[in-house]
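Subject: A structure for you to look at

Hi there,

Here is the structure I promised to pass on to you. Please open it next to this email and follow along as you read.

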Amino acid sequence: LTRSTVAELARLLDGEAIGDLELDITRMGTLATAGADAVAFLANPRYRQQLDASAAGCVIVAPAMRDDVAARPAAILCKDPYLAYARLTQWWAARTRTPARPGVHPSACVEPGARVAPSASVGPLAYVAAGAVVGPGAVLAAQTHVGAHAQVGEGTRLMAHATLSEGCSIGARGLVHSGAVIGADGFGFAPEAGTGAGATWVKIEQLGGVRIGDDVEIGANTCIDRGALEDTVLDDGVKLDNLVQIGHNVHVGAHSAFAGCVGVAGSATIGRHCTAGGGAIILGHLTLVDHVHVTAATVITRSILKPGQYSGLFPFDDNASWEKNAATLRQLHTLRERLRALEKKT
Amino acid sequence: LTRSTVAELARLLDGEAIGDLELDITRMGTLATAGADAVAFLANPRYRQQLDASAAGCVIVAPAMRDDVAARPAAILCKDPYLAYARLTQWWAARTRTPARPGVHPSACVEPGARVAPSASVGPLAYVAAGAVVGPGAVLAAQTHVGAHAQVGEGTRLMAHATLSEGCSIGARGLVHSGAVIGADGFGFAPEAGTGAGATWVKIEQLGGVRIGDDVEIGANTCIDRGALEDTVLDDGVKLDNLVQIGHNVHVGAHSAFAGCVGVAGSATIGRHCTAGGGAIILGHLTLVDHVHVTAATVITRSILKPGQYSGLFPFDDNASWEKNAATLRQLHTLRERLRALEKKT
Amino acid sequence: LTRSTVAELARLLDGEAIGDLELDITRMGTLATAGADAVAFLANPRYRQQLDASAAGCVIVAPAMRDDVAARPAAILCKDPYLAYARLTQWWAARTRTPARPGVHPSACVEPGARVAPSASVGPLAYVAAGAVVGPGAVLAAQTHVGAHAQVGEGTRLMAHATLSEGCSIGARGLVHSGAVIGADGFGFAPEAGTGAGATWVKIEQLGGVRIGDDVEIGANTCIDRGALEDTVLDDGVKLDNLVQIGHNVHVGAHSAFAGCVGVAGSATIGRHCTAGGGAIILGHLTLVDHVHVTAATVITRSILKPGQYSGLFPFDDNASWEKNAATLRQLHTLRERLRALEKKT
């Protein structure tokens, strides 16, 4: 059990404690679920009502809310409550999780010629191929796969069933979730006229790799393809959610973040600090400048050269209404022509 | 080889056999492919024509079709032919599939402190971490992964390369297909103002778990993230197809079913008996009441408080027609203004 | 290091060498990155400007560009430069990659009753079940999974964490990327009226398999479900990118190719030489004839009986413009009615 007083947590978060400074806190919770021994937070003023209803012993709020929490058992005032919450989860995780034991598990398979730092941990049934380099403090969970000449940076963790293929690299402090595949072949074929009524596909061997910077997180079952001739590149601080597809030779700029099920086609160049909502698709061979934000389920079909929010999703409706509007949509061009004709008449 | 007479199958399905009751049935088939030794079914009147053309020795149909099958070699009348077909496949599977052998395969890795029921089966190269509990009759196929303190209920099966992460649980009679990842981190980061022209991301450790009820099926390479502070929850009887993404702190009500490639963003609350077609997306922090049905490829951007069918997908067309309509769509608001102006004039 | 003269490469590609025939080539590159010792190619006239700026020692171009490359150090004229490039990558890969060693790695698990050709390679921690057949020259990478009675054709490669389930087969010269799952259950349930306010789901056991032809490539984390009664079928030469979902009883015709994140629902029949762009969805129980091309992110909701390009995606826009147009879209049917009324009036 991790326990701490309100005063200690305030010091940790560089905040100001008010109320009962010696109150014991033994867990973190949401405003809705936290009890007298728990700390919760309020970052979004939208959830203000939940604060009043909350039984949380301690709440983290912005300094502007000092009066609103004055009557509570305890509170911590922090300039950025959401950031404070993030830091607190890290502190909590570090205290409650069992660290991986350094060394190679007897059931793991480390090929001769692989270089594994003594402080690294290679879990049960993990595989490290010849020529691979696993940095200090790196953790390969059970059943992970590190291909030949691949590199895992300092402190980077690969979770169960993650794959880092031949010749691919990831920097320091990375986190690759279960089932992620880094370095499968890009999707490249040249058509060759066949004898039948259509071309067959000739494979373009994918000779490049994947190069991932520091502090990158890759979601579960996400795929990042190796480049055709050059490398596919993810810069420092990139965050990818689950089931994301990154095509060959894509370049994702630093600190860009993509939600689940996003797809980026080959040779797209994405700037820094970009975001894409769930299910968005960015087509290939185009460029997004820094600070472009793509709404969920939007398909980007042209380059975007101006920062901003871009959207393109069909608004949902009850089925009957949608059917009528969708049917009319197929005559939209004709409607415009009719309107034009009418305008000329009147 | 499994063989049975028409009379035996009718008893099994609680139906009425007509025609040659002693006819030997040795396989199941579709109306189109079944031969004289096979049983097929007709559930949807749309496929009525296939019945007449079918060479099936025995057909399962609704009682209302008694006259239509009177001249056939044999038939079984069942109130719900589709349900009867489902039950028959189960009976067939139970008789033709080799059951997993109880015990731990010598190549599996079961950490000290794991509790594996004597009747459970832990396959080759499977991994069970310390503190994990594998219930009676549970089957861990080859190369599955059960993290520390995870729980697998009675009779639940994890297929090859499935991952049940630390502290996550699944109830009885579940089925988790290959490559599914239960309990990767939710996608949570707090922005921190950086020195450059944009924020960097501070990880919010995901301290919750995933809690899955009884009779739940999880498709291949589907991902269900662990919660941030509380758990992500799937209630009894939920069915998820392949490549589905369930974000952190989502709650899916009992008997809801999502087709392939559906994405549900964090903290969405889905009711009971809901369905979503393939590729549908449900955004985060919203609520769907019971019996909401989302059409394939539809994006749900607001809460839905009334049961029913909801849709929002762009109708496809030949490319030239689509291009004209899509181009006009970008001027739709202007068209409305022009129409309004015209209405005022006339 | 692989090195070759321009003359040798021209012979290999059945092209005409011009310039310095003895020039040493030691790597392949793009026009933008290739140096004096590298060969690059120009297939698309759109990138003509890059040719002039390129420092590549040798360039592969079409015969029509003979004059444009006359002043360069060296060039190879090929009828189809893109195809020549594909062939050259294959030649390069064959020379630079370490071939898999035949035999069974000591850490692999090959069940009694499996038939592995002596020239096949079974990598570390791979699993081959009883009754499985692994053909001559086939390569099972580390941690792959071949289920009972599954078949791997001659020269076919399964990459790390790939799954070929029980009774499924893939032909010769196939390539299955990491995390792909061939033969998970199709998504089939019959509703059974429950005691509550809604049906529960009764599992339809999926008794069919997956049958894949020769020269098929399956992307990372792609899923191909087994059939319900009959098999799911992929014909020769089919190419699937990453994170593609193929439902049960789908039939994909020869040489069809689907980009990343495509979903095909159950019992769809796709013709030969079809393509689908990233994120496209094809609903179930419908037919696409040969040579149908589906644009990225398009949802196909009806059968297509005429070859051609089909599209249906919402054009993206800056968020404010999209919002206005999307809001109007929900009144589109009403707009049409108003237009009609106006037309009658004038």
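First, some ground rules. This is a predicted model, in which local features need pLDDT of at least 70 and side-chain atom pairs count only at pLDDT 80 or more, while totals for chains, interfaces and linings use all residues. Residues are numbered from 1 along each chain as its sequence is written, chains are lettered from A and ligands numbered from 1 in the order in which they are written, and side-chain values use heavy atoms, with hydrogens and water left out.

**How the chains are related**

**Chain A as a whole**

How many helices and strands does chain A have? There are 5 helices and 40 strands in chain A. Both are DSSP runs numbered from the N terminus: helices are H or I with at least four residues, strands are E with at least two.

The C-alpha atoms of chain A fill a box of roughly 80 × 80 × 35 Å along the principal axes. Its radius of gyration is 26 Å, whereas a compact globule of 346 residues would have one near 20 Å. That radius is taken over C-alpha atoms, and the globule rule is 2.2 Å times the number of residues to the power 0.38.

Of the 346 residues in chain A, 59% are buried. Buried means under 20% relative accessible area, exposed means over 50%, and partly exposed is in between (1.4 Å probe, protein chains only). Among contacts in chain A between residues at least 6 apart in sequence, 17% join residues at least 24 apart; a contact means heavy atoms within 4.5 Å.

**A buried residue in chain A**

Find A:V294 in strand β37, which covers residues 292–294. Is A:V294 buried or exposed? A:V294 counts as buried because its relative accessibility is 4%. Leaving out residues up to four places away in sequence, A:V294 touches several others, including A:T275, A:L288, A:I300 and A:Y310. A:Q143, in contrast, is 151 residues from A:V294 in sequence and 35 Å from it in space, C-alpha to C-alpha.

**Two residues with positive phi in chain C**

Most residues other than glycine have a negative phi. C:D14 is not a glycine, yet its phi is positive, at about 60 degrees. C:D14 sits in the loop between α1 (6–13) and β2 (16–19) of chain C, and it counts as exposed at 74% relative accessibility.

C:H149 also has a positive phi, near 60 degrees, and is a residue other than glycine. Look for C:H149 in the loop between β15 (145–146) and β16 (151–152). With 52% relative accessibility, C:H149 counts as exposed.

C:T200 belongs to strand β23 (residues 199–203) and counts as partly exposed, at 25% relative accessibility. Which residues does C:T200 touch, not counting those up to four places away in sequence? They are B:H255, C:A190, C:P191 and C:E192.

C:K306 is in the loop between β38 (299–300) and β39 (308–311). C:K306 is exposed, with a relative accessible area of 59%. Not counting residues up to four places away in sequence, C:K306 touches C:V289 and C:V292.

Enjoy exploring!

Best wishes
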